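Here's a quick tour of a model and its ligand surroundings. Have the viewer open as you read.

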Amino acid sequence: MERTLIIVKPDGVQRGLIGEVIARLERRGLKVVGLKMMQISRELAEQHYGVHRERPFFASLVEYITSAPVVVGVLEGPKAIEVTRATVGATNPVDAAPGTIRGDFGLTIGRNLIHASDGAESAEHEINLFFRPEELISYERAVDPWIV
Ligand code: RTP
Ligand code: MG
């Protein structure tokens, strides 16, 4: 089993798409094992997007992700990282396939609705950045044997 971190970004929350975004991932079969609403601080944003520190879009990215509340979640399932990235779609909504979250709801790279961890290492790092261990719940769902 794998775990991955998602963030419904400020535009997703402001547009009333929290449920829609999470529902798509949940319907895929992924299990929500952690979920909360928060306002990301500048410090946390800079840590979270630390790999992009030298990129020209870094300042606007931090501005965007801290501009309004977000919903942060941890999803669990087989190949959860890859499956979530595929469901989210390409970084730039222009390139995201219809049927993906960004391909159905996004228009520009600066407002692309959702973050998802891009690998095993970043998933572990990001989950620890946003959640304390006791905020993550391991539990069985009745449907699990019908999904996996
Ligand atoms: P994310 O980390 O948010 O899940 O997005 P991602 O993996 O698909 O893309 P990444 O390369 O990690 O970029 C992080 C976020 O930075 C913004 N961005 N802007 N203006 C630009 O050229 C540009 N490039 C990236 C996007 O909001 C992207 O999601
Ligand atoms: Mg990324």
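## Ground rules

A word on the UniProt annotations first: their positions are given in the numbering used here, feature names are shortened, and annotations may be inferred rather than shown by experiment. With that in mind, the UniProt record (an unreviewed entry) puts a "binding site" feature at Lys9, Phe57, Arg85, Thr91, Arg102 and Asn112.

This is a predicted model, so local features need pLDDT of at least 70 and side-chain atom pairs count only at pLDDT 80 or more, while totals for chains, interfaces and linings use all residues. Residues are numbered from 1 along each chain as its sequence is written, and chains are lettered from A and ligands numbered from 1 in the order in which they are written.

## Confidence

pLDDT is the predictor's confidence in each residue, from 0 to 100. The chain averages 98, and 100% of its residues reach 70 or more. The model's ipTM is 0.95 and its pTM 0.97.

## Overall fold

The chain has eight helices and four strands, where helices (H or I, at least four residues) and strands (E, at least two) are DSSP runs numbered from the N terminus. Read from that end, the order is β-α-α-β-α-α-β-α-α-β-α-α. The radius of gyration is 15 Å, close to the 15 Å that the globule rule gives for 148 residues, so the chain is as compact as a globular protein of that length. (That radius is taken over C-alpha atoms, and the rule is 2.2 Å times the number of residues to the power 0.38.) Along the principal axes, the C-alpha atoms fill a box of roughly 45 × 35 × 25 Å.

Two residues are in contact if their C-beta atoms, placed from the backbone, lie within 7 Å. Among contacts between residues at least 6 apart in sequence, 71% join residues at least 24 apart. UniProt's unreviewed entry also lists "domain: Nucleoside diphosphate kinase-like" at residues 1-138; over that stretch the chain is 40% helix and 19% strand, with the end C-alpha atoms 11 Å apart.

## Around the ligand

Which residues are around ligand 1? They are His52, Phe57, Leu61, Thr91, Ile109, Gly110, Asn112, His115, Ala116 and Asp118, each with a C-beta atom, placed from the backbone, within 6 Å of the ligand. The shell splits into four nonpolar, five polar and one charged; here Ala, Val, Leu, Ile, Met, Phe, Trp, Tyr, Cys and Pro count as nonpolar, Asp, Glu, Lys and Arg as charged, and the others, Gly among them, as polar.

A residue is buried if 20 or more other C-beta atoms lie within 10 Å of its own, exposed if 12 or fewer, and partly exposed in between. Arg85 sits in helix H5 (residues 80-88) and is partly exposed, because it has 18 such neighbours. Leaving out residues up to four places away in sequence, Arg85 touches Ala116 and Asp118.

Arg102 is in helix H6 (residues 101-105) and counts as buried, with 23 neighbours.

Most residues other than glycine have a negative phi.
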